[in-house]
Amino acid sequence: MGMFQKKRQEKNEEKPKERKVYIEGAGGTIVTKSILNGTSKLKWLFRQDEGRGNGWVAFGDKDTQEYVNDAGNLEIVDFNTLANIEPTVVNVFYMPMGSDLEFRDDRTGKYFVDTRTGKEIREPVKHPGQIAFEKNLKFLNQNTYSADFFASLFAESEKMRVLRAGEVDFPTGEVVLADPLAYLGSKYETVLDRKIPAGSYPVELSVCLSRIVGLRYAAARLVIGGGHAVTYEIAMPKGKKREDWKSAGALTFFGVDTGLACFADTQISEEYRGFFEKWQQEKPGKNKYTDYFKELFQESYEAHPEFQNPGGSFLAWRMPGSGQRLLLFMSGMGDGIYSGYWGFDERGEAVSLTVVFMNPEYF
């Protein structure tokens, strides 16, 4: 075989170009066969509520009305199949239902035009969840919020549910806010300046059933008394007063690095630290979540699946030694910094402590 013939044979035997996955789980998209077989180029892209899959429908520049009216000329394919033909579609994937777009390719580049507004779309459109997340970041950790906002977090509706997840023991009444996996029992936990009467108190979780981000806990509330809160103020760290808010060293928030949070008593926090120090000495190299809590969270999910995500979103747990109770729960959108807020009744008595994770209106 001559060298020329050999090279031509090798070229013919080249593997087909590997299909790129631009968006995981993008779903099915209706595309005309003319686009898929290359006899036309993408021209129209619209998203319909009643559509199959993700709702996106793509027509080519040579497709006639008669052509698209014939269902035999349409095919449902993964959105990434269309993206491999024309990658620019990835920019508009997260646009809402009802979007009606024209694709253009000219000397200025490739882009879409909203046929209803005439607006050019040249940059990637953010996921609605990302937009909500960014708005939420600006909303969190304010000095206070209205009583109506706090009430709305724990008002039952189609979108919101209230879950009484369990009770937490406070043998001393000195309150800690912390990420239980990363900071509880460490110098990075946040001990609050105000104490509560020693005792046991229920924890309520504000469950947000979001169409954008799924099931999330918008807030967690430690119910201290039976009264109704009429005013709220930010919970200050030990040794600081409300007047110190935003002053140097007055960190009113606590950090979350594992997507979990908890209310705890300082005595239980210390017991927790001692337990896991011993556990890790006995099990070097083991992970506190993977090798201890993961199975317990799964059991919690199986027992109460209605208001949890697979794998578990909260865990009512007892300290192995003393039996003191602790509740670990998912922190809204995950890692970040969050603040607690005391709720006071008409007499000025603290009746609740609420940690706000997210504003459900954004989600």
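**View 1. The surface and overall form of the chain.** The chain exposes about 19400 Å². Carbon and sulfur atoms supply 49% of that area. The model is predicted. Buried residues make up 45% of the 363 residues in the chain. The C-alpha trace spans about 85 × 55 × 40 Å along its principal axes. The radius of gyration is 27 Å, whereas a compact globule of 363 residues would have one near 21 Å.

**View 2. Secondary structure and contacts along the chain.** The chain holds 8 helices and 19 strands. Which share of the contacts between residues at least 6 apart in sequence joins residues at least 24 apart? The share is 69%.

**View 3. An open sheet of 7 strands.** The strands run in the order S4-S1-S3-S2-S5-S6-S7. Their pairing is mixed. Strands of a sheet pair through backbone hydrogen bonds, either parallel or antiparallel. Which strands are the edge strands? They are S4 (74-78) and S7 (120-121), and each pairs on one side only.

View 4. Strand S6 covers residues 109-114. S6 and S7 pair in the antiparallel sense, over 2 bridges. Val 113 has its bridge partner in S7: Glu 120. S7 itself, residues 120-121, is an edge strand of the sheet.

View 5. The cut-off for buried is under 20%. How many disulfides does the structure hold? The count is 0.

**View 6. Phe 276 and Phe 293, a tilted ring pair.** A search of the whole structure finds 34 aromatic pairs. Phe 276 and Phe 293 form one of them, and the pair is tilted. A pair of aromatic rings is described by the distance of the centres and the angle of the planes. For Phe 276 and Phe 293, the centres lie 5.5 Å apart and the planes make 45 degrees. The pair links distant parts of the chain. Phe 276 sits in helix H7 (residues 266-282) and Phe 293 in helix H8 (residues 289-303). The two residues are 17 residues apart. Are Phe 276 and Phe 293 buried or exposed? Both are buried.

**View 7. Phe 293 and Trp 317, an edge-to-face pair.** Phe 293 also pairs with Trp 317. This pair is edge-to-face, at 5.2 Å centre to centre with 75 degrees between the planes. Where do the partners lie? Phe 293 is in helix H8, and Trp 317 is in strand S16 (residues 314-318). They are 24 residues apart, and the pair links distant parts of the chain. Phe 293 and Trp 317 are both buried.

**View 8. The aromatic cluster around these pairs.** Ring pairs link a set of residues into a cluster. Among them are Tyr 272, Phe 275, Phe 276 and Trp 279. The cluster also includes Tyr 289, Tyr 292, Phe 293, Phe 297 and Trp 317.

**View 9. Tyr 188 in a loop.** Tyr 188 lies in the loop between strand S9 (174-178) and strand S10 (190-195). Why does Tyr 188 count as exposed? Its relative accessible area is 54%, and exposed means over 50%. Tyr 188 and Gly 340 are 152 residues apart in sequence. In space they are 16 Å apart, C-alpha to C-alpha.

How values were computed:
Residues numbered from 1 in each chain as written. Predicted model: local features only at pLDDT ≥ 70, side-chain atom pairs only at ≥ 80, totals over all residues. Heavy atoms only, no water. Pairing = 2+ DSSP bridges. Helix = DSSP H or I, 4+ residues; strand = E, 2+ residues; numbered from the N terminus. Disulfide = S-S within 2.5 Å. Rg over C-alpha atoms; globule rule 2.2 N^0.38 Å. Buried < 20%, exposed > 50% of the residue type's maximum accessible area, 1.4 Å probe, protein only. Contact = heavy atoms within 4.5 Å. Areas by Shrake-Rupley, 256 points an atom, 1.4 Å probe, with all protein chains shown as cover. Phe/Tyr/Trp six-rings, centres within 6.5 Å; stacked < 30°, edge-to-face > 60°.
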